Each structure stands twice: as structure tokens, then as C-alpha cells.
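Visitor: I'd like to learn how to read a few features off a protein model. Can you walk me through it?

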Amino acid sequence: MASKAMIPFLVAMMLLSGVCNTLLSKYQDLQCVRNCDPEDPGKIERFSQPVIQTAQMFVGEMGCWLVVAGFAIFRRFSNKDAPLLHGGYEQVNSQDSTEVDGDDDLDRALCSQEEADPIRKPAMPNVEERTPLVGWRVFLLAMPACCDIAGTTLMNVGLLFVAASIYQMTRGALILFVGLFSVLFLHRKIFLYQWSALFIVVLGVAIVGLAGAIAPNPQGQPDPKSLPETAMLLVREASHHVKTAAVSVGALQTVLGVLMIAGAQIFTATQFVLEEWILENYALEPLKVVGWEGVFGFLVTLIGMIILHLAVGRTDAGRNGYFDMQEGWREITQYRSIAVTSILIMISIGAFNFFGLSITRSVSATARSIIDTCRTLFIWIVSLGLGWETFKWLQIVGFALLVYGTFLFNDIVRPPLKACARPRKPEPLLEETPIEHM
């Protein structure tokens, strides 16, 4: 009962940490760092350090080592005290066979206790017969870490130009590239209805991007009362605003941001496929995978930051830009809101990784997919409540298509035609569940 009672807590914490991470990142981007005169908003310059935000993410992932150390300490003391807790008094002169049996029973009891506890599962080793990922083999995780650097940095740049909800919805394009790469490199089989699901996801991402590029609905526009009126409103809204949006600098920046976020999913999908290949051949606890990727990612990002600062950031053209490491550090240390937000982002990333892995290994990857959809919805609702964005009907349509396409691809909903259903037992797209990442 205790383990089942923990599932709602894990779900709530995964949602909370995931929503907070995206909203905190957007809040950090909105902080003014120069020319903060409200009388001239056109000259306001806000925090724009996507590379530093990428480093923040890897610091949060390295925090998983604290959890791994905590579990190691807990196991050590649990094993030390286990004879008193599990076996009670035991004679010193007992036979060797009895001692062996007692040790086996003790190990079995501890193992069953850990399997029943969903919080411990991310730190449990794989039981399959695989080569341990130790020694020089650990450096294999540097490959997905480098993909994570490219994908996360592109998404952080894209977040500067779009609303938080559009950012989160556009990330739904990930399933398209994961599907394609799984077929090309991992030789997975995708059925016809799954290809149609990928097309629906692409269509949903395109509509979400269009919704971000057009102007918000007029305040005096009456709410539609029927489905035909809703369709007419969408057509009228799109045709009215696309022409003006095409020449708007803000609209072009939004389109650029959406393209960068969608393109970043190529690197994220490559990262997932590389992790799948590594975990198919080597055994390592999921939390340690995240921790090692955090270490490699942070080191590579730090080296890249130094090189880019020396080559670009300190020049006249690059000063106060994305690669000005000195300016970024000054902004973090000088503005308390940015510094506090950075710490909270690191904590939220570490928490999301831990609780997400707990959900995936205790329930299923399908549950994680549903929870991530709820996360997008909550981000949208909170962004509307904070006034960061305006309500758009097209965004509802795009989000609905994203949700349906994702659920159809993951077999959460059945295909509309029976002829498109799977003829045999479902084959997972990725044998090993992808490691949680923001």
C-alpha cells in the first residue's frame, strides 16, 4: 500500500518540477538587464544567455549524483542493520549452509523491498545480463551529452522568441524524429497508423507555430457558439492576420524561434537513439546515466563557453551577446532575480529527472507521455494567467492535434480504422525507455 500511495506523489512532483522549469526559464528570459526605463520599452534589453542556461541544466543533472550517494549510504546502513531488523537473534555457531540460506533470504528481502518502492527504482541496477558500463566505456555517454548540448542550446534560443506554451508544444515534434531515427538506425518497425500519427504531429506543430506568429484575437470578437462558427472564426482569423504577420519583425522572430525549437528535436532524437543503443549493450542505473551526461555535458559546455567568449564574446560585435561569458556572469551575480531563478532551475531539472525516472520505471512510459501532456497544458494555463501570452483558437487546434498524434503513436488511443490496427504484439519504439530530460 505504501508504494502505491507514493505514485500520486511522484506524479504531482514530476508535474510541478516540469512546469516550474519551463516557466522559470521563461521568467529568467524576461528579466531586464540594460536600459530598463519603462518609458522607452523599445530599448529594453533582457537576459539572453542560452549557453549559460544550458550549463545550468547540466548542473541540475549532475545533482542526480547526490541522490545516488544518498541511496548508497542508505543501502550501506540498511545492510549493516539488516540482521537485527530481518532475522532477529541468530546463533554464532550456526551451520554454514544456514548462514548462506539466511544471506540469500536477506538479499531477496532487500531486493523485493526495493522493487516495491518506486522511489528507489531509478537507482537500481539493471538485472539483464549486460556488460557493466564502467571504466573507459563511461565516455560513451559523452556522445548523447554533446547532442543534448546542441539541442538544449537551440531550444533556449528559441524560447527567447516564443511564449512558454508554444515552446513546450513545439517540442512535441520530438516524436517525429525519434520515429524516423528508430526506423533508420535501430531497425524498428512502424505501422501505417503510426506514420499517420507522425503526420498529425507535424501538422499540429505547424498550426502552433502559425498561432504564435499571428496577432491575438480582437477583444471585441464574440465567442463562437457552434462548431461551424468556430471553424469560420479560425479561417477568418488566419486570413486576416497572416498578411500583417508576414511583415512583422515579432512574427518573423516567432517563426524563427519555432523552427529552432523544432530543429533542436533532431539533436534530442539523436540523443535518445544513442542512449538506446548504449543501454541495449551496457548496464547502468538510469540516475547514473543522467549524472554522467551532466558531468560530460557541463565540461564540454564550459570549454565551449570559454572558446566562444575568446573568439566572439569579447569582440565588439559579440559584446553583450549570447557568447559573452563575462557579461552573463555579471548579470547573474548582479541581479538577484536571475541568480535565484538559476538555482531554482537547477533544482527543478534534478527533481524532474528523478521523479520522471521513478514514474517511468514504476508505472510505464505511457503514463509519462500522458503526464507530459498535462505538463504542457498547465504551462499554457499559467502563462495565460500571468499575462505572458494571449488566448488563441489556433493554438487549441494545434495542441489537440499534437495530443491526438502523440497518443495515437503511443497506442494510448486506438486508430480510427480497424484495418490500421496492429496485427501482432506491440513492439516498443525504443526497447529502453528514454532517459528523462528537460
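Visitor: In which helix is the place of Ile-343?

Guide: Helices here are DSSP runs of H or I with at least four residues, and strands are E runs of at least two, numbered from the N terminus. Ile-343 has its place in helix 13, residues 336-362. Keep in mind that this is a predicted model, where local features need pLDDT of at least 70, side-chain atom pairs count only at pLDDT 80 or more, and totals for chains, interfaces and linings use all residues. Residues are numbered from 1 along each chain as its sequence is written, and side-chain values use heavy atoms, with hydrogens and water left out.

Visitor: How many disulfides does the structure hold?

Guide: In general, a disulfide is a covalent bond between the sulfur atoms of two cysteines. The cut-off used is a pair of cysteine sulfur atoms within 2.5 Å. There is one: Cys-32 is joined to Cys-36, S to S 2.0 Å. That link is left-handed, with -105° about the S-S bond.

Visitor: Is Cys-32 buried or exposed?

Guide: Buried means under 20% relative accessible area, exposed over 50%, and partly exposed in between (1.4 Å probe, protein chains only). Cys-32 counts as buried because its relative accessibility is 19%. Cys-146 is in no disulfide, and the nearest cysteine sulfur, on Cys-147, is 7.1 Å away. At 36%, Cys-146 is partly exposed too.

Visitor: What does Thr-268 touch?

Guide: Contact means heavy atoms within 4.5 Å. Leaving out residues up to four places away in sequence, Thr-268 touches Gly-151, Met-155 and Leu-174. Thr-268 sits in helix 10 and is buried, at 10% relative accessibility.

Visitor: Where is the place of Gly-263?

Guide: Also helix 10, which covers residues 249-281. Gly-263 counts as partly exposed, at 25%. Gly-263 and Phe-177 are 86 residues apart in sequence, yet 9.6 Å apart in space, C-alpha to C-alpha.
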